[in-house]
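This report describes selected local features of one protein model. Please consult the sequence and structure shown here.

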Amino acid sequence: MSELKRTPLYQRHVDAGAKLVPFAGYEMPVQYRTGILAEHRAVRERAGLFDVSHMGELLVRGTRALDFVQYVTTNDVSKLELFQAQYSVICTEQGTALDDCIVYRFPDEYMIVVNASNVDKDREWIKQFASRFGVELIDRSEAIALLALQGPRAQEVLARITSDDLESIKYYHCAYGSVAGRSAVISRTGYTGEDGFELYLEEADSVAIWDALHEAGARETLGPIGLGARDSLRLEMGYILYGNDLSENDTPLEAGLGWVTKLDKPDFIGKAALVEQKKNGVRRKLAAFKLSERGFPRHGYEIRYNGEASGEVTSGTVSPLLDVGIGMGYIATEGTKAGTPLQIMVRDKATPAEVVKTPFYTKGSVRK
């Protein structure tokens with residue numbers, strides 16, 4: 001544990017009774033005193049606060065910054081308005097996924113937000129193309145802290161410590177602002193399916209804003225939320241987790257991310273391979289399933305289609321709000337239609353399940 005990095009909020013996690021675990025090279029809170037189920041419900045019903053300062057932020061500057069980001073990501077960056085964000089994928093030449101990411105457009109730069117475990121890999125991969133476009137690539141991951149305030153009452157809480165017009169920030173848009181008297185990029189994004197904001201801050205301001213948010217959210221009993229609830233919340237929405245549901249062995253087309261893979265835009269890394277895959281037909285796809293009986297579908301459990309092994313569970317849990325086993329995994333494309341029966345091998349028992357569309361949980365407050 002001593003070799004792991006710590007976010008600037010480490011002591012706040014310790015003080016809140018966090019159970020700390022290694023995650024993406026950091027010592028991170030998996031849960032607090034109240035437990036994962038209570039934290040999960042707090043976000044669904046009121047609001048909760050996440051420390052996601054381990055995430056990576058890569059800035060791109062230069063006259064051809066747009067062309068560069070367009071080349072190294074799959075989505076169409078040219079469609080972004082100022083202060084808008086988009087979900088995207090960084091691919092290899094073979095069309096497989098190095099990472100999923102969020103791209104932001106600012107007046108003088110673009111920001112690519114990547115997963116913590118992939119910062120070095122992503123930076124070194126795209127850096128080799130920077131000179132071709134004459135751009136400057138700046139890794140600000142260590143200097144930027146990131147807080148996520150999520151839940152149906154998140155706007156009420158944040159409004160108490162900012163004078164910025166939060167109502168005017170649309171989903172997947174952001175603004176320069178001030179929170180508790182400190183500069184921040186206020187982004188209406190998140191990973192929970194609830195309304196909320198992600199706050200990009202200078203590291204030195206993170207503790208003060210963390211404390212100010214807790215004070216502002218006292219009437220909502222705002223509390224910190226750990227990685228355990230973060231995972232169950234995102235899975236109820238069917239959101240992908242890199243390293244589980246997406247990896248360098250999977251293409252975005254296989255992962256159901258064709259909607260962020262714009263094969264009609266100018267050349268980008270992996271385009272030729274993805275065009276060829278689409279032409280030949282995608283043979284396996286990521287499918288979502290729901291158990292028909294009691295059971296806990298854990299990562300790595302075998303998935304059977306037509307009675308034969310077809311894949312493994314990439315993410316699975318028992319939904320805290322639906323009280324049913326849910327999960328995702330790659331199976332033969334012909335078995336991914338909603339309603340298709342499957343079997344999940346739960347503790348060596350072939351537990352019946354069926355393919356379903358996501359989100360599993362449909363009552364989230366996220367504004368789209």
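## Second largest pocket

The lining of the second largest pocket divides into nine nonpolar, one polar and four charged residues (Ala, Val, Leu, Ile, Met, Phe, Trp, Tyr, Cys and Pro count as nonpolar, Asp, Glu, Lys and Arg as charged, and the others, Gly among them, as polar). The volume of this pocket is about 270 Å³, taken as the space filled by probe spheres set on the grid points, which are joined across faces, edges and corners. Of its 14 lining residues, Arg140, Ile144, Val185, Tyr200 and Glu202 are the closest to its centre. On a 1 Å grid over the protein atoms alone, a pocket is an open set of points where a 1.4 Å probe fits, with protein on both sides within 12 Å along at least five of seven lines; lining residues have an atom within 4 Å of a point.

At least two lining residues come from each of strands S4 (56–61), S11 (182–187) and S12 (196–202) (strands are DSSP E runs of at least two residues, helices H or I runs of at least four, numbered from the N terminus).

## Basis of the model

The model is predicted: local features need pLDDT of at least 70, side-chain atom pairs count only at pLDDT 80 or more, and totals for chains, interfaces and linings use all residues. Residues are numbered from 1 along each chain as its sequence is written, and side-chain values use heavy atoms, leaving out hydrogens and water.

## Aspartate 195

Aspartate 195, in the loop between S11 and S12, counts as buried because its relative accessibility is 4% (buried means under 20% relative accessible area, with a 1.4 Å probe and protein chains only). Its side chain makes a polar contact with the side chain of arginine 188 at 2.9 Å.

Notes: Buried < 20%, exposed > 50% of the residue type's maximum accessible area, 1.4 Å probe, protein only. Polar contact = N/O pair within 3.5 Å; in protein donor to acceptor, adjacent residues only side chain to side chain.
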